[in-house]
Amino acid sequence: RAPHDVEHRFWSDIARVENGALRARSMLEAMCTYLQVDTTVEAVERVDLETRLQDVLRLTEATRTAERATVDGIASGVVTTHPQLLRDVLVELITNAARYGKGDDGMATVSLRLLAGNDAMHIEVDDRGRGIAPEDQDRVWQLFQRLDPVSGGPIGAGLSLIRRRLEAVGGTVSLDRT
């Protein structure tokens, strides 16, 4: 082999090892976060949903820009909840929809609704993505499950962390199968 081919192969192998190490680190961080959910739930307080939504939209601005996503958000009411947990869940929902909710034009248009009533909260997220096949709708909530393993995308922890966080405070999350 030519020296150039050997050198190219060497650097290609190094890049593959580095990517594997970064992926392993991400998985370990996600696992630690997942396991610590029960111990990190802070006290509840009254949270204005419109104010929290605006905060989360500011936090996700860079991601939404990078992913070419627009978010149309409606929020109303005040609810007693865990403010940091609500922030984390909303950030993950928006980030997930921005990444996977793209239409054929490569743009994501996300509709987010936060509604409070009787001191309970309901969150709806709609996007233009291809959807989730019926056989994958349970698997999507499991830790480290990706629906498209060939893409080499994220590690598949986002939705499982959302579920775990919500269940830790007596909440639920589901997919609309219609």
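1. Leaving aside neighbours within four places in sequence, Glu67 is in contact (heavy atoms within 4.5 Å) with Ala98, Arg99, Lys102 and Gly106. Glu67 itself is found in the loop between α3 (61-66) and β2 (69-76). Helices here are DSSP runs of H or I with at least four residues, strands are runs of E with at least two, and both are numbered from the N terminus.

2. A word on the basis: this is a predicted model, where local features need pLDDT of at least 70 and side-chain atom pairs count only at pLDDT 80 or more, while totals for chains, interfaces and linings use all residues. Residues are numbered from 1 along each chain as its sequence is written, and side-chain values use heavy atoms, with hydrogens and water left out.

3. Lys102 is partly exposed, at 27% relative accessible area. For the wording: buried means under 20% relative accessible area, exposed over 50%, and partly exposed in between, using a 1.4 Å probe and protein chains only.

4. Now helix α2 (residues 49-59), whose buried residues are Leu49, Arg52, Leu53, Val56 and Leu57. Looking down the axis of α2, these fall within an arc of 140°, so they line one face of the helix; the arc is that of the directions from the helix axis to the C-beta atoms. At the start of α2, a side-chain oxygen of Asp48 comes to within 3.3 Å of the backbone nitrogen of Glu50.

5. Arg58 is exposed, at 54% relative accessible area, whereas Asp55 is partly exposed at 27%.

6. The structure holds eight salt bridges. Another one pairs Asp126 with Arg113, closest N and O atoms 2.6 Å apart. It joins distant parts of the chain: Asp126 in strand β5 (residues 120-126) and Arg113 in strand β4, 13 residues apart. Asp126 counts as partly exposed, at 38% relative accessibility. Salt bridges with shared partners also join Arg9, Asp13 and Arg16 into one network.

Definitions and conventions:
A polar contact is a pair of N or O atoms within 3.5 Å; within protein, one must be able to donate a hydrogen and the other to accept it, and residues adjacent in sequence count only if both atoms are side-chain atoms. A salt bridge is a side-chain nitrogen of Lys or Arg within 4 Å of a carboxyl oxygen of Asp or Glu.
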